[in-house]
Amino acid sequence: MFVAIVHLLFELLVLLAKTFVTVLERTFCLIFYESEKSILGEIVLITGAGRGLGRELALQFAKRRARLVLWDINEKDVQNVAEEIRQLGAEVRTYRCDVSNFHQVETAAARVTREVGDVTILFNNAGIVHLKPFSDLEPAEILKTMSVNTLAHFWTIKHFLPRMIELERGHVAAMCSICGILGGPFTADYSASKHAVIGLMRALEEELYFTGKGDIVKFTAICPTIVNTGFVHYPHTRFPEIMPILNPKYVAQEAVHAVLTNQRLAVIPLWLGYLLPIFRLFPDKVLIMFQRFLDQTASPNGNEKR
């Protein structure tokens, strides 16, 4: 018994020491902008790349000389983005794919592997939002939201993750939302779908660790507040100076930086990500009051896509 207690105390001391070092490292990164890992020549696949955040993500990765694979359900849109990528001097291939359809994902993914090579960075960005009161949501709309925003992540990851593990390198990123952490009015299906993806990313990371493959593949969930992609027509924020409606280019820059610095969960804006854990020290009602005080919402406006 005495030996077990001593061993436990030793493990606790090691844990505290590692915690202290981790806090110091993160503090240093806050003061001095953290350097990004090189992705020169890496194959990066982005879903929903034909417009909005997907387009901006593609441009950011192209500037870092990655090889781009762009998926979108709208073939014309994604080809237009590819032309912009080529003008930057980067290599790019496009594929039409409905990521909510498992068979289309399997077919497109097999073509990518055969025609381009092994994907080492997968960025699941495709998403849909309806912005409707819960009582007005049709069953078909709920199923569509979950299919595009959640199940599509399962389909793409199931194809590309095993090869990343074989290669002993890779990164899976997901464009989630602050709604996946806090929820929001008129986003019951959307918030649920994004919360599920955050859980998926955390679970996969833990699964790899417990199967002896920890740190082989990195996982990053990106959670911005409302982004002005042009599809949410009535965004509102009470304090635009401190909690603005975000610009897609800015979100893409921060998202790519989060991936290239191996962050697990990146809340955008950054200051909110550090404030949220502090609120967890207080009763839940305090966080709810703060969220309602900021009053950042999007009003119902029919079916909208990112």
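Visitor: Where is Lys 218 found, and why is Lys 218 called partly exposed?

Guide: In this predicted model, Lys 218 is found in strand E7, which covers residues 218–224. Its relative accessible area is 25%, and since buried means under 20% and exposed means over 50%, with partly exposed in between, Lys 218 is called partly exposed.

Visitor: What does Lys 218 touch, leaving aside residues up to four places away in sequence?

Guide: Lys 218 touches Lys 37, Gly 170, His 171, Val 172 and Asn 262. As for a separation in sequence set against one in space, Lys 218 and Arg 264 are 46 residues apart along the chain, while their C-alpha atoms are 7.8 Å apart.

Visitor: What makes the sheet an open one with edges, and in which order do the strands stand?

Guide: The open sheet is formed by 7 strands in the order E3-E2-E1-E4-E6-E7-E9, with parallel pairing. Strand E3 (92–96) and strand E9 (265–268) each have a single partner strand, so one side of each is left without a neighbour in the sheet, and these two stand at the edges. From one strand to the next the twist averages 15 degrees.

Visitor: How many bridges join E4 to E6, and what makes both faces of E4 count as covered?

Guide: E4 and E6 run parallel and are joined by 4 bridges, with Ala 174 in E6 as the bridge partner of Asn 124. Both faces of E4 are covered in that Ile 121 and Phe 123 on one side, and Leu 122 and Asn 124 on the other, are all buried.

Visitor: Which strands does H2 lie across, and at what angle does H2 run to E1?

Guide: H2 lies across E1, E2, strand E4 (121–124) and strand E6 (171–175), and runs at about 170 degrees to E1.

Visitor: What is the angle between helix H4 and helix H5, and how do the residues of their contact divide?

Guide: Helix H4 (residues 102–115) and helix H5 (residues 139–167) pack at about 30 degrees, with their axes 9 Å apart, and H4 passes H5 in a right-handed crossing. Among the residues making the contact are Phe 102, Val 105 and Glu 106 of H4 and Trp 155, Thr 156 and Phe 160 of H5; the contact residues divide into 6 nonpolar, 3 polar and 1 charged.

Visitor: Is Leu 131 buried or exposed, and what about Arg 65?

Guide: Since buried means under 20% relative accessible area, Leu 131 counts as buried at 3%, whereas Arg 65, at 41%, counts as partly exposed. Leu 131 lies in the loop between strand E5 (128–129) and H5, and Arg 65 lies in the loop between H2 and E2.

Visitor: What is the phi of Arg 65 and of Leu 131?

Guide: Arg 65 has a positive phi of about 65 degrees although it is not a glycine, and Leu 131, also not a glycine, has a positive phi of about 55 degrees. Most residues other than glycine have a negative phi, and most peptide bonds are trans.

Visitor: Which peptide bond is cis, and what is its omega?

Guide: The bond from Ile 268 to Pro 269 is cis, with omega near 5 degrees, and Pro 269 is placed in the loop between E9 and helix H9 (270–279).

Definitions and conventions:
Residues numbered from 1 in each chain as written. Predicted model: local features only at pLDDT ≥ 70, side-chain atom pairs only at ≥ 80, totals over all residues. Heavy atoms only, no water. Pairing = 2+ DSSP bridges. Axes fitted to C-alpha atoms, helices over the stretch in contact; angles between N-to-C directions. Contact = heavy atoms within 4.5 Å. Left-handed = near helix turned anticlockwise from the far one by under 90°. Nonpolar A, V, L, I, M, F, W, Y, C, P; charged D, E, K, R; others polar. Buried < 20%, exposed > 50% of the residue type's maximum accessible area, 1.4 Å probe, protein only.
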